Amino acid sequence: MLQGMLQRTCLAVVSTAQTLIVREKHAFNRAVLKPKVRCHFPKPMEVKRINVHGWNTRMSTPEGRRVLMNRILRGRHNLSH
């Protein structure tokens with residue numbers, strides 16, 4: 001009886017830990033949120049667009065992080081350039 005209870009407890013702990021890991025990965029992980037990069041990069045205007053509207057620029061300020069969060073909540077496929 002004690003062994004069965006111990007196994008159920010271990011399974012519950014492992015499943016909870018896996019859930020936390022999955023949630024933690026998704027928060028602001030670029031690999032999950034931004035699927036792919038353009039192939040014919042960089043062109044001069046693309047460099048400017050990336051520098052103004054890019055992921056790193058958005059993440060560097062609180063307002064930019066707010067923009068990204070709003071796009072996540074709206075379900076946008078592309079979050080930034």
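## Confidence in the model

The mean pLDDT of the chain is 75, and 49% of the residues reach 70 or more. Among the elements of the chain, helix α5 has the highest mean pLDDT, at 95, while helix α1, covering residues 2-26, has the lowest, at 57.

Where pLDDT is low, the predicted coordinates should not be read in detail. The mean value of 57 for α1 should be kept in mind when that helix is viewed.

## Overall architecture

The chain contains 5 helices and 0 strands. Followed along the sequence, the elements give the pattern α-α-α-α-α.

Of the 81 residues in the chain, 12% are buried. The accessible surface amounts to about 7,000 Å², and carbon and sulfur atoms contribute 62% of that area. Among contacts with a separation of 6 or more, 48% are between residues 24 or more positions apart.

Helix α5 spans residues 62-74, a total of 13 residues. The distance from its first C-alpha to its last is 18 Å, close to the 18 Å expected at 1.5 Å a residue. An α-helix has 3.6 residues a turn, so residues three or four places apart point the same way. After α5 comes G75, which has a positive phi, near 85 degrees.

One of the residues in α5 is R65. R65 and W55 are 10 residues apart along the chain, and their C-alpha atoms are separated by 9.3 Å.

## Residue H53 in helix α3

Residue H53 belongs to helix α3, which covers residues 44-53. With a relative accessibility of 34%, H53 is also classed as partly exposed.

Which residues does H53 contact, leaving aside its neighbours within four places in sequence? They are R58, S80 and H81. In the case of H81, 28 residues separate the pair in sequence, yet the C-alpha atoms of H53 and H81 are 5.8 Å apart in space.

Notes. Residues numbered from 1 in each chain as written. Predicted model: local features only at pLDDT ≥ 70, side-chain atom pairs only at ≥ 80, totals over all residues. Heavy atoms only, no water. Helix = DSSP H or I, 4+ residues; strand = E, 2+ residues; numbered from the N terminus. Expected span 1.5 Å × (residues − 1). Buried < 20%, exposed > 50% of the residue type's maximum accessible area, 1.4 Å probe, protein only. Contact = heavy atoms within 4.5 Å. Areas by Shrake-Rupley, 256 points an atom, 1.4 Å probe, with all protein chains shown as cover. pLDDT = per-residue confidence, 0-100.
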